[in-house]
Amino acid sequence: MIGSVLRGIGRTVGLVTGIYLIYVAIRGSRLLVEPQVRPFVPDIAGAPATPAALGLEYEPVRITTDDDVVLTGWLVPAARDTTTAVIVLHGFTGHRLPELAGFVPWLAERHHVLQFDFRGHGESGAGLVTLGVNERRDVAAAVAFLQARGLGPIALVGVSMGAAIAIVAAPDLPVTAVVADAAFAELSHPVGNRMREVGYPLAGIGARGILWAASLRTRTRLMDPIRAVGRIAPRALLLIAPKEDRLISWRQSVALYEAAGEPKELFVVEGAGHGEAVVTDPAGYRRRVLDFLERYLG
């Protein structure tokens, strides 16, 4: 009698758990590939909305990918005589404005700087978010745009999702260096952490279910950057790890560093949260990135 009751309870728990995981996979995958992106306005009132607000010259650009997605951005010329260029890549659900104030002024002192919004973000054309699979085409189009202008060598500088996309895109592109700030090594890591933050149980299994369903929605095989990072060499790689990042553990950068080939560097920023390394230690951050780019872009 007790055995029958326990088996019944077990079947009920299993059924409820299965229904819950299916719900999480369906809802979570939709939010992942068709997220509610932030409007193209500064996140902070009074923050610059164009490079001109920072006293920088710039050219509005429109770049078409090989699958006909139109990307919108701007090209800021270098303050010195050079052909070197840097492409700055933004994070998930964002756009190019946050990195405008945080990165462009000091990068443009030495290099031409190209910013654009990924497909499905900001002012660019619509597209499902694949966290690297299709976005590689966006980066490839940006690199080709700079080369057509006679610019190079080229570096990729990305934050969060932009960092992960830089890692998966670089092995197949004529770029010289990659700077990846707060990159994830495995897609399930930030997805699971976001579930835990919201309060969803079974975050580990749920995250894998979300990614499986997202692959079905996008008809792609989503990519873990750790599977691509070893192919970046002989291009140079600088990994920046915010030590207090609650979304993407700094140990994800350590894992990427260990899997990468030479030349490679790891810069751990104490006290920095997700995407906050550049404001936590601005002088050290800028010095480390600029010195790295100087060595490998020339």
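Predicted model: local features only at pLDDT ≥ 70, side-chain atom pairs only at ≥ 80, totals over all residues.
1. Ground rules. Local features need pLDDT of at least 70, side-chain atom pairs count only at pLDDT 80 or more, and totals for chains, interfaces and linings use all residues. Residues are numbered from 1 along each chain as its sequence is written, and side-chain values use heavy atoms, without hydrogens or water.

2. Helix 4. Helices (H or I, at least four residues) and strands (E, at least two) are DSSP runs, numbered from the N terminus. Buried means under 20% relative accessible area (1.4 Å probe, protein chains only). Nine of the nine residues of helix 4 (161-169) are buried, so the rest of the structure largely encloses this helix. Contact means heavy atoms within 4.5 Å. The cover over its buried residues includes strand 3 (85-89), helix 3 (135-148) and helix 7 (250-259).

3. Helix 5. Its buried residues are His189, Pro190, Val191, Gly192, Asn193 and Met195. Gly199 follows helix 5, with a positive phi near 110 degrees.

4. Largest pocket. A pocket is an open set of points on a 1 Å grid over the protein atoms alone, where a 1.4 Å probe fits, with protein on both sides within 12 Å along at least five of seven lines; lining residues have an atom within 4 Å of a point. The largest pocket holds about 1200 Å³ of space. Its lining has 42 residues; Phe92, Thr93, Arg194, Leu247 and His274 lie nearest the centre. Helix 1 gives the most, six residues.

5. Second largest pocket. Its space is about 340 Å³. Helix 6 (203-218) supplies the largest share of the lining, four residues. Among the lining residues are Glu186, Trp212 and Arg227.

Methods. Buried < 20%, exposed > 50% of the residue type's maximum accessible area, 1.4 Å probe, protein only. Points joined across faces, edges and corners; volume = space filled by probe spheres on them.
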